[in-house]
Amino acid sequence: MDKDQVEMILDKIFPVIKPDEVNKVIFDVRHTAPNEFTLHTLLIVPDEMWDSFDHINRAAFTHDVKVKLRQKIKSYTDLNVVFDKDNTAVMKQSDFQKEYEIHNNGGYL
């Protein structure tokens, strides 16, 4: 299976398998081994929830989401994926909307 096929599969299943606490999953697939793919991922979460966490709970939440997603991807598709630790992040919904608006307005709010 190639990178493009994996992206198409993940595009279809992420809305179904993402935890309820995650509003959106944005990702890029890297083919890292014959049967393994690395995901560079941005998890969009509600502001209120994220703001209520301290740094330890934020790290625990992020780890928990990655583990759950990895297990669900494996069970739904039999794909082996890993989340790149340096290129996986969480962003609040409001920050994501600001970035999206800036990007779509040519760099201006």
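Modeller: Aspartate 54 caps the N-terminal end of α3, with one of its side-chain oxygens lying 3.2 Å from the backbone nitrogen of isoleucine 56. Please keep in mind throughout that this is a predicted model.

Biologist: How far apart are the end C-alpha atoms of α3, and what should its residues span?

Modeller: The end C-alpha atoms of α3 are 33 Å apart, and this agrees with the 33 Å that its 23 residues should span at 1.5 Å a residue.

Biologist: Which residues of α3 are buried?

Modeller: The buried ones are Phe61, Thr62, Val65, Leu69 and Ile73, and what covers them includes α1, β2, α2 and β3.

Biologist: And what happens just after α3?

Modeller: Just after α3 comes aspartate 78, which takes a positive phi of about 65°, and this residue sits in the loop between α3 (55–77) and β3 (80–92). Most residues other than glycine have a negative phi, whereas aspartate 78 is a residue other than glycine with a positive value.

Biologist: Is aspartate 78 buried or exposed?

Modeller: Aspartate 78 has a relative accessible area of 54%, and it counts as exposed because the cut-off for that class is over 50%.

Biologist: Changing topic, which residues touch the most other members of the largest nonpolar core?

Modeller: They are Leu10, Phe14, Leu39 and Ile73, in a core of 23 residues. The elements giving two or more residues to this core are α1 (3–17), β1 (24–33), β2 (36–45), α2 (47–52), α3 and β3, and α1 gives the most, with 5 residues. As a general point, nonpolar side chains in soluble globular proteins tend to be buried together.

Biologist: What is leucine 39 in contact with, if its neighbours within four places in sequence are left aside?

Modeller: With those neighbours left aside, the contacts of leucine 39 include Leu10, Phe14 and Ile73, and among the others are Phe27, Val29, Val81 and Phe83.

Biologist: What about threonine 38, buried or exposed?

Modeller: Threonine 38 lies in strand β2, and at 9% relative accessibility it counts as buried, because buried means under 20%. Its side chain is joined to that of threonine 32 by a polar contact of 3.2 Å. Leaving aside neighbours within four places in sequence, threonine 38 is in contact with Asp28, Val29, Arg30, Thr32, Val82 and Asp84.

Biologist: How many aromatic pairs are there?

Modeller: A search of the whole structure finds 4. One of them joins phenylalanine 53 and phenylalanine 61 in a tilted arrangement, at 5.7 Å centre to centre with 50° between the planes. Trp50, Phe53 and Phe61 form one aromatic cluster.

Biologist: Now the charged side chains: how many salt bridges does the structure hold?

Modeller: The structure holds 5 salt bridges. In one of them, lysine 68 pairs with aspartate 64, and their closest N and O atoms are 3.1 Å apart. Both residues lie in helix α3, 4 residues apart, which is about one turn of the helix. Lysine 68 is partly exposed at 39% relative accessible area, and aspartate 64 is also partly exposed, at 34%.

Biologist: Which parts does the bridge between aspartate 51 and lysine 92 tie together?

Modeller: The side chains of aspartate 51 and lysine 92 meet at 3.1 Å, N to O. Aspartate 51 lies in helix α2 and lysine 92 in strand β3, so this pair ties together parts that are 41 residues apart in sequence. Aspartate 51 is partly exposed, with a relative accessible area of 45%.

Biologist: And what do aspartate 28 and arginine 30 do?

Modeller: Their side chains also meet in a salt bridge, at 2.8 Å, N to O. Aspartate 28 is partly exposed at 27% relative accessibility, and arginine 30 is partly exposed at 39%.

Definitions and conventions
Residues are numbered from 1 along each chain as its sequence is written. This is a predicted model: local features need pLDDT of at least 70, side-chain atom pairs count only at pLDDT 80 or more; totals for chains, interfaces and linings use all residues. Side-chain values use heavy atoms; hydrogens and water are left out. Buried means under 20% relative accessible area, exposed over 50%, partly exposed in between (1.4 Å probe, protein chains only). A nonpolar core is a set of buried Ala, Val, Leu, Ile, Met, Phe, Trp, Tyr and Cys residues joined through side-chain atoms within 4.5 Å. Contact means heavy atoms within 4.5 Å. Rings of Phe, Tyr and Trp (its six-membered ring) pair if their centres lie within 6.5 Å; planes under 30 degrees apart count as stacked, over 60 as edge-to-face and the rest as tilted. The expected span of a helix is 1.5 Å times one less than its number of residues. A polar contact is a pair of N or O atoms within 3.5 Å; within protein, one must be able to donate a hydrogen and the other to accept it, and residues adjacent in sequence count only if both atoms are side-chain atoms. A salt bridge is a side-chain nitrogen of Lys or Arg within 4 Å of a carboxyl oxygen of Asp or Glu.
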